[in-house]
Amino acid sequence: MDLLLHKNHSKEINMLSPKMQRAIRVNEAQLLMLSEKARFDNAMTGYLYKKSHGASKWTRRYFILFQNLLFYFEAEGGVRPSGVIFLEGCYCERLILKEKHQYYFGITYRRENLRHYELRAESESECKAWIDAIRVASFNKLLLQKEELEQKYIHLLQIVESEKTAKWQYTVQCEQLASEIKKLRSELCALKKEWRLGGGSNSGHTLESEDLKKIKKVQSFFRGWLCRRRWKQIVDEYIKSPHAEAMRKRNSGQYYE
């Protein structure tokens, strides 16, 4: 979609974005202001050959890509743009012509009554760079990127909440294990006290009885077995938890390909 700039002139155009399907009035002064801003804040600049409308003549113009507007000037130092191409809703593809150097690409639109553009770069790298830049110069594409980032942000929030829940569960389980260990220690102290009160205190100053050694060995074995069983339960519960599943998917790159 092309809008040639003429002095003291404004023109109604029909934007191609689905959210901008009604006619709007574009003010020339605003476009001139945008063209001045584009010189300092742009995505790409450079010379291209532009095919004249309805003719086979190619003219060299200086192009500036600013957001979804493609300004072109007669020369790099030009003050007023010769025209501007609205890129919203456009398609940019390579063109295969019969000329020797195939550095051509076109800007087309879905609607048939809108002008299509044929442009030519001076090298293969410039041609590819312009095509890539024009393809992403779309408000709709920015909306899609915004939605994608919002989805990733929501996913990260879910992971954080899941980690908080898992942390709370593991804290409770560790407190339960600490309580069980404390209980075992209390039982051990009670057994020692009972043994001493039973008459083993005189001979226990230097050597412990064989029965007490057996009790300690059994208690130590039982305490280790209980801790291993409890930690095995914790690991099994975590592996089956939604948090672990989310982490596996994140590590495998499912959400960030």
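**Aromatic rings and their surroundings**

Mentor: Phe63, Tyr72 and Trp130 form one aromatic cluster. Rings of Phe, Tyr and Trp (its six-membered ring) count as a pair if their centres lie within 6.5 Å; planes under 30 degrees apart are stacked, over 60 edge-to-face, and the rest tilted. This is a predicted model, in which local features need pLDDT of at least 70 and side-chain atom pairs count only at pLDDT 80 or more, while totals for chains, interfaces and linings use all residues. Residues are numbered from 1 along each chain as its sequence is written, and side-chain values use heavy atoms, with hydrogens and water left out.

The structure holds four aromatic pairs. In one of them, the ring centres of Tyr47 and Tyr62 are 5.1 Å apart and the planes stand at 65°, so the pair is edge-to-face. This pair links distant parts of the chain, 15 residues apart: Tyr47 belongs to strand β4 (residues 44–51) and Tyr62 to strand β5 (residues 58–66). Strands (E, at least two residues) and helices (H or I, at least four) are DSSP runs numbered from the N terminus.

Buried means under 20% relative accessible area, exposed over 50%, and partly exposed in between (1.4 Å probe, protein chains only). Tyr62, with a relative accessible area of 9%, is buried, whereas Tyr47, at 23%, counts as partly exposed.

The rings of Phe63 and Tyr72 have centres 5.4 Å apart and planes at 35°, so this pair is tilted. Both Phe63 and Tyr72 are buried.

Charged side chains also meet aromatic faces. Arg39 lies over the face of Phe73, at 4.5 Å from the ring centre, and Arg120 lies over the face of Trp58, at 5.3 Å from the ring centre. The criterion places NZ of Lys or CZ of Arg within 6 Å of the ring centre and within 35 degrees of the ring normal.

One further tyrosine, Tyr153, is found in helix α3 (residues 139–200). Tyr153 is exposed, with a relative accessible area of 51%. Together with Ile154 and Leu157, Tyr153 forms a nonpolar patch on the surface, with about 310 Å² of accessible area in total. Such a patch takes residues with over 30% relative accessible area and no salt bridge, joining nonpolar side chains (Val, Leu, Ile, Met, Phe, Trp, Tyr) within 5 Å and like charges within 9 Å. A salt bridge is a side-chain nitrogen of Lys or Arg within 4 Å of a carboxyl oxygen of Asp or Glu. Accessible areas come from the Shrake-Rupley method with a 1.4 Å probe; for residues, only the protein chains shown count as cover.
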